[in-house]
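Here is a friendly walk through one chain, written for someone who likes to know the cut-offs behind each term. Keep the structure open while you read.

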Amino acid sequence: MSHALPSLPDPNAARMSLLPPYLLGRINALNDELRAQGVDVIDLGMGNPVDPVQDEVLAAMREALTKVENHRYSQAKGILPLKEAFARHYARHYAVELDPKEEIIATIGSKEAFSHLMLGMLGPGDSCVVPTPAFTIHMYAPIIAGASAIGVYLREEQPGAGLLEDIRRTFETVRPRPKLLVLNFPHNPTAKTVDLGFYEEAVAMARHFGFWVLNDFAYGHSCFGGYKAPSILQVKGAKDLAVETFTMSKPYNMAGWRVGFLAGSRKLVDILGRIKGYFDYGIFQCIQLSAIQALDHGDGFIKRQAQLYERRLDALLDGLKAAGWKKTIRNRATMFSWQPVPDAPKVKGLNAVDFCMTLARETGVSFVPGSGFGAEGEGYLRMALVAPEARIGEACARIGKFLRS
Ligand SMILES: Cc1ncc(COP(=O)(O)O)c(C=O)c1O
């Protein structure tokens, strides 16, 4: 006699019931459906880079693949030469000194670093503070760890003093006091940026109240218009209580390679290393060796990549204006543009999700609704700069035609 399989998700695995369906999954499913119908979809949804990896990195990969020793399990926390290359990179770009052995860990992308660090840092009864709208995992990795995430509304005119004031009030009033502040500047999804003074105040506040700070620096190199994003680790003494995640995915177009870093506080680097020791055996060594090439010799490449995003942003803003947007927002970093749902009679009353679904069906152009990053994102759209300028121009032309129809 055979028995029925246990039902899934198990009602005792409460964390599963706390996870809403991943919004990008729904949008990608709609795009697939449209493609199957023969629609030429212009997908400006996911922040998935479309441009090539540097030739020198590919050459380093080819070379590494020929060595038998590179195919074994590598070092779980990253090989020392990779961490040394990362330390050189931070010294060169941010004048930040990092001890490669104690203050840097290589990770399977920065999302992995963040998620596993949350499992190591937080548990039931704990909480962390996250400006919202937020990159989904910033809210949900703490929740998966059994903790709660307290959103602090990232308002239109912020960040700056207003956001810091809201954060201060939250740490002053919430009990038990939250353990961690999660920052992410340049920000996904809103593309907002901060200057070093913001981090100086955040670090001083963390010291005063006694909490940790993590800055997700995924878009640190994707800056333009003369702006250079600061690293939180540039603040004097930040390493006592802060860490930063960094990724090869965006600046080097190596998203599929899955390589990133966590750097800063020794204590947090150690905690992540300990928990990762149970979950994985580290990154494929050929990838680590290729990443050294990118970190050491890719400075010109990442600058050109950022300029490419800026040109695409220009094309998008021009196109949106021509399509009927009365108001557009210009950002100075990331691979995104964050814009209000247009105020056009054709789409009057539609919320961001309905607008995106309608737009995809009517024009084949795909954006992500801002509300997918939290209710605070309602009324906005995130547009990823992941198509050539001409294609972005075509997307806007299709939208303009639809809005005027
Ligand atoms: C803010 C932010 N952090 C992290 C990631 C994921 O980066 P990785 O590929 O290093 O896991 C993304 C990807 O979209 C992101 O937008």
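Strands β11 and β12, the latter covering residues 380–384, pair in the antiparallel sense over 2 bridges. Two strands count as paired if DSSP finds at least two bridges between them, and the elements themselves are DSSP runs numbered from the N terminus, with helices (H or I) of at least four residues and strands (E) of at least two. Before going further, please note that this is a predicted model, in which local features need pLDDT of at least 70 and side-chain atom pairs count only at pLDDT 80 or more, while totals for chains, interfaces and linings use all residues. Residue numbers start from 1 along each chain as its sequence is written.

Put together, the three strands form an open sheet with the order β9-β12-β11 and antiparallel pairing. Because β9 (336–340) and β11 (368–369) stand at the edges with a single partner strand each, one side of each is left without a neighbour in the sheet.

How covered is β12? It is mostly covered, with 5 of its 5 residues buried; buried means that 20 or more other C-beta atoms lie within 10 Å of the residue's own, exposed means 12 or fewer, partly exposed is in between, and C-beta atoms are placed from the backbone. Y380, R382 and A384 lie on one side of β12, L381 and M383 on the other, and all are buried.

## Parallel pairing around β6

Strand β6 (residues 212–216) has parallel partners that include β5 and β7. Strand β5 (residues 180–183) pairs with β6 over 4 bridges in the parallel sense, and L183 stands opposite N215 in β6. Strand β7 (residues 242–247) pairs with β6 in the parallel sense, over 4 bridges, and here N215 stands opposite E244 in β7.

## Antiparallel pairing at β8

Strand β8 (residues 260–264) pairs with β7 in the antiparallel sense over 5 bridges, with V243 opposite G264 in β8. Another 4 bridges join β8 to strand β2 (residues 104–107), again running antiparallel, and A106 stands opposite F261 in β8.

Which residues of β8 point which way? G260, L262 and G264 point to one side, F261 and A263 to the other, and all are buried.

## The ligand shell

Around the ligand there are 13 residues, of which the closest are G109, S110, K111, T247 and S249; a residue belongs here if its C-beta atom, placed from the backbone, lies within 6 Å of the molecule. By type, the shell divides into 3 nonpolar, 8 polar and 2 charged residues. In this scheme Ala, Val, Leu, Ile, Met, Phe, Trp, Tyr, Cys and Pro count as nonpolar, Asp, Glu, Lys and Arg as charged, and the others, Gly among them, as polar.

The domain assignment gives domain 1 (14–52 + 301–404) and domain 2 (55–298), with bounds that come from an automatic or database domain assignment. Their C-alpha centres lie 26 Å apart. The contact takes 30 residues from domain 1 and 31 residues from domain 2, where contact means C-beta atoms, placed from the backbone, within 7 Å. On the side of domain 1 that touches domain 2, α11 (299–323) and β9 are the elements that give two or more residues. The largest share of that side, 7 residues, comes from α11. That side divides into 14 nonpolar, 10 polar and 6 charged residues.

Helix α11 is also the place of Q305. Q305 counts as buried because it has 21 C-beta neighbours inside 10 Å. Leaving aside neighbours within four places in sequence, Q305 is in contact with D51, P251 and N253. Q305 and N253 are 52 residues apart in sequence and 8.6 Å apart in space, C-alpha to C-alpha.

Conventions:
Two residues are in contact if their C-beta atoms, placed from the backbone, lie within 7 Å.
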